[in-house]
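Dear colleague,

I am handing over the structure we spoke about, and below it I set out what I found on going through it. Please read the text with the structure open beside you.

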Amino acid sequence: LGTLPDLDALWLGFTAADPVANMIEHRSFSHSLLVLPWVAALIWWLFKRFGNGRVAQSPTRWFWAIQLALVTHPVLDAFTV
């Protein structure tokens, strides 16, 4: 889950010719701290609803683990060029 925000780089690699524009587009929507908590909540809900594994056994812990895995990615990227 920690690398999920970087999956847009696969699509952007084919569309953008300028490397600066590519980086600006890459760190926009997929690295948004306003979007990623909602994506994490959706992933958690899907695992809780359709999975019969560990998420159903302790949903609160998994909710925060998924949230932190996604939200810490753009925070760590903020410290890199």
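Before the count of elements, one definition is needed: helices are DSSP runs of H or I with at least four residues, strands are runs of E with at least two, and both are numbered from the N terminus. Please also keep in mind that this is a predicted model. On that definition the protein has 5 helices and 0 strands, and its elements, read from the N terminus, follow the order α-α-α-α-α.

As for the protein as a whole, 22% of its 81 residues count as buried. Its accessible surface comes to about 6,000 Å², and carbon and sulfur atoms account for 71% of that area.

Helix α5 covers residues 59-77, which makes 19 residues, and it reaches 28 Å from its first C-alpha to its last, close to the 27 Å expected at 1.5 Å a residue. The buried residues in α5 are Ile 66, Gln 67, Leu 70, His 73, Pro 74 and Asp 77, and the element against which the buried residues of α5 pack is α3, residues 36-50.

Apart from its neighbours within four places in sequence, Ile 66 is in contact with Leu 1, Ala 40, Ile 43 and Trp 44. The C-alpha atoms of Ile 66 and Ala 41 are separated by 7.9 Å, although the two residues are 25 residues apart along the chain. His 73, also placed in helix α5, counts as buried at 10% relative accessibility; not counting residues up to four places away in sequence, His 73 touches Gly 2, Pro 5, Asp 6 and His 31.

The start of the chain comes into this picture too. Leu 1 lies in the segment before α1, the helix of residues 8-15, and at 44% relative accessibility Leu 1 counts as partly exposed.

Next, the aromatic rings. A search of the whole structure finds 3 aromatic pairs. One of them is formed by Trp 44 and Phe 63, which stand edge-to-face, at 5.2 Å centre to centre and with 80 degrees between the planes. Because Trp 44 lies in helix α3 and Phe 63 in helix α5, this pair ties together parts that are 19 residues apart in sequence. Trp 44 is buried, with a relative accessible area of 17%, while Phe 63, at 22% relative accessibility, counts as partly exposed. Phe 63 also forms an aromatic pair with Trp 64, likewise edge-to-face, at 5.0 Å centre to centre and with 80 degrees between the planes. Trp 64, whose place is in helix α5, counts as exposed at 52% relative accessibility, the cut-off for that class being over 50%. The C-alpha atoms of Trp 64 and Trp 44, which are 20 residues apart along the chain, are separated by 9.2 Å. Through ring pairs, Trp 44, Phe 63 and Trp 64 are linked into a cluster.

Lastly, there is a feature of the surface to point out. Leu 42, Trp 45, Leu 46 and Phe 50 form a nonpolar patch there, and together they have about 430 Å² of accessible area. Among them, Leu 46 lies in helix α3 and is partly exposed, with a relative accessible area of 38%.

Methods:
Residues numbered from 1 in each chain as written. Predicted model: local features only at pLDDT ≥ 70, side-chain atom pairs only at ≥ 80, totals over all residues. Heavy atoms only, no water. Expected span 1.5 Å × (residues − 1). Buried < 20%, exposed > 50% of the residue type's maximum accessible area, 1.4 Å probe, protein only. Contact = heavy atoms within 4.5 Å. Phe/Tyr/Trp six-rings, centres within 6.5 Å; stacked < 30°, edge-to-face > 60°. Patch = residues over 30% accessible without salt bridge, like charges linked within 9 Å, V, L, I, M, F, W, Y side chains within 5 Å. Areas by Shrake-Rupley, 256 points an atom, 1.4 Å probe, with all protein chains shown as cover. Salt bridge = Lys/Arg side-chain N within 4 Å of Asp/Glu carboxyl O.
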